Amino acid sequence: MTAEGAAQTALHARAAAVTREQFGHKVFVRAVVEISNFCRQNCAYCGMRRENRALHRFRAGAEEIARLIVDHAPASVTDINIQTGEDPVAARELVLPLIKILRRETRFGLSVCAGTLGPEMYDQLRSAGAALYIMKFECADPGHYERLEAPGTLAERLRHIHLLAQSGWFVSSGFIGGFPGQTPRDWLRNLELARSLPLHGCSVSPFVPGEETPLRDGPAADAAWTFNCIAALRLLRPAWVIPAVSALNLAAKDGYRHGLRAGANLVTINMTPDDLRGDYVIYKRDRFIMTEERVREAMTAEGLAPSPQSLAEFYARGAAPVAA
Ligand code: SF4
């Protein structure tokens, strides 16, 4: 975790070599649309927590978002990730109809990141045509998870990950590294938990103190540890899809590109409409927004090209989840 200098360079090079062996020079290109910032949860690290009463809340229109995607998704995009706060109303009235439209009108692989919902809603979303559910566990220590006011309990979150995997979803998870007070041991616990789960992918997000959160004064995550953690995850699970998250660019200059050099193999273009994006404050208002141009520049600079195959096709082809 704490490798630096030559040891760090060698670690990242090994992770990059394993990524190229598995995926060649192709990276998956997904677009994300953030369509509701209502949230019933109260995570201490997130500006969309329910106690942030100053936040203007929105729900987008399914038809309007569908038209945006159908008519304007960049040619390199193969998958769409539909993301919301934990908002069961949006899941039912927005996400579900949007998936139905996109399944009818497009060939995109469809991912959902909408928090802890019920088994029936998971089934409806999957029957409508979504294939991948993103359910992050955020922090592997149950006591710390509770202090962070993360959704429900860690045990419950993990139960839902297993439930989703057992009911036919491809599941990706993720965690935030570098919460104030965390040590390298905590980062390792995150890796250990991730590899014990029935996943097809996992993200590593550096902690960024959110302006409208109780953790606003905390120090940001150590960028080097974040990249080391991405590399370690790649070496632990060579076939997983590991996103380069946009927050890497807040952690370090050219952090996004560094993530791609350390083992990440998924890039995300933000397609949330401009007038809504500013209120989707997962950490800061001035998030680093990955436009198509920025994503293309990062890929080209690292000698990478968009995968013609969608994540959903890749998983369906039989990239089985690996759990310890
Ligand atoms: S991290 Fe997710 S569940 Fe937690 S407050 Fe933010 S939007 Fe809600």
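Guide: Contact means heavy atoms within 4.5 Å. Keep in mind too that this is a predicted model.

Visitor: Fine, let's start with His160: which residues is it in contact with, leaving aside its neighbours within four places in sequence?
Guide: His160 sits in helix α6, residues 154-166. Its relative accessibility is 12%, under the 20% cut-off, so His160 counts as buried. Leaving aside neighbours within four places in sequence, its contacts are Thr116, Leu117, Tyr122 and Met135.

Visitor: And Leu98, is it buried or exposed?
Guide: Leu98 belongs to helix α3, which covers residues 88-105. Apart from neighbours within four places in sequence, Leu98 is in contact with Ile35, Ala62, Ile65, Ala66 and Ile82. Its relative accessibility comes out at 0%, and anything under 20% is called buried, so Leu98 is buried.

Visitor: How far apart are the C-alpha atoms of Leu98 and Ile82?
Guide: Ile82 is one of the residues in contact with Leu98 once neighbours within four places are set aside. Along the chain the two are 16 residues apart, and their C-alpha atoms are separated by 8.7 Å.

Visitor: Let's look at a whole helix. What length does α8 reach from its first C-alpha to its last?
Guide: Helix α8 takes in residues 223-236, so 14 residues by its count. At 1.5 Å a residue, the expected span is 20 Å, and α8 comes close to that. From first C-alpha to last, the helix reaches 20 Å.

Visitor: Why is α8 described as largely enclosed by the rest of the structure?
Guide: Look at who is buried: among them are Phe227, Cys229, Ile230 and Leu233, and also Asn228 and Arg234. These buried residues of α8 pack against α1 (5-23), β5 (170-177), α7 (184-195), β6 (201-206), α9 (248-251) and α10. The helix is largely enclosed because, of its 14 residues, the number buried is 10.

Visitor: Over to strand β5. Which residues does Ile176 touch, not counting those up to four places away in sequence?
Guide: Ile176 is in strand β5. With 11% relative accessibility, it counts as buried. Leaving out residues up to four places away in sequence, Ile176 touches Tyr45, Glu138, Gln182, Asn190, Ser205, Pro206 and Phe207.

Visitor: How far apart in space are Ile176 and Phe207, C-alpha to C-alpha?
Guide: Phe207 is one of the residues that Ile176 touches. In sequence the pair is 31 residues apart, but in space the C-alpha to C-alpha distance is 5.7 Å.

Visitor: Which residues does Pro180 touch, not counting those up to four places away in sequence?
Guide: Pro180 is in the loop between β5 and α7. It has a relative accessible area of 31%, which makes it partly exposed. Skipping residues up to four places away in sequence, Pro180 touches Phe207, Gly218 and Pro219.

Visitor: Which element gives the most to the lining of the largest pocket?
Guide: The pocket has a volume of about 180 Å³, and its lining includes Asp254, Tyr256, Arg257, Arg294, Glu297 and Ala298. Two helices, α10 (255-261) and α12 (292-301), each supply at least two of the lining residues. The one that gives the most, with 3 residues, is α12.

Visitor: How many residues of that lining are charged?
Guide: Lys253, Asp254 and Arg257 are among the residues that line the pocket. By class, the lining has 5 nonpolar residues and 1 polar, while the charged ones number 5.

Visitor: Last one: how many residues of the shell around the ligand are nonpolar?
Guide: The ligand is surrounded by Cys39, Gln41, Cys43, Tyr45, Cys46, Met48, Arg49, Gly85 and Pro151. Of that shell, 2 residues are polar and 1 is charged, and the nonpolar count is 6.

Terms used: Residues numbered from 1 in each chain as written. Predicted model: local features only at pLDDT ≥ 70, side-chain atom pairs only at ≥ 80, totals over all residues. Heavy atoms only, no water. Near = heavy atom within 4 Å. Nonpolar A, V, L, I, M, F, W, Y, C, P; charged D, E, K, R; others polar. 1 Å grid on protein atoms, 1.4 Å probe; cavity = no way out; pocket = protein on both sides within 12 Å on 5 of 7 lines; lining within 4 Å. Points joined across faces, edges and corners; volume = space filled by probe spheres on them. Helix = DSSP H or I, 4+ residues; strand = E, 2+ residues; numbered from the N terminus. Buried < 20%, exposed > 50% of the residue type's maximum accessible area, 1.4 Å probe, protein only.
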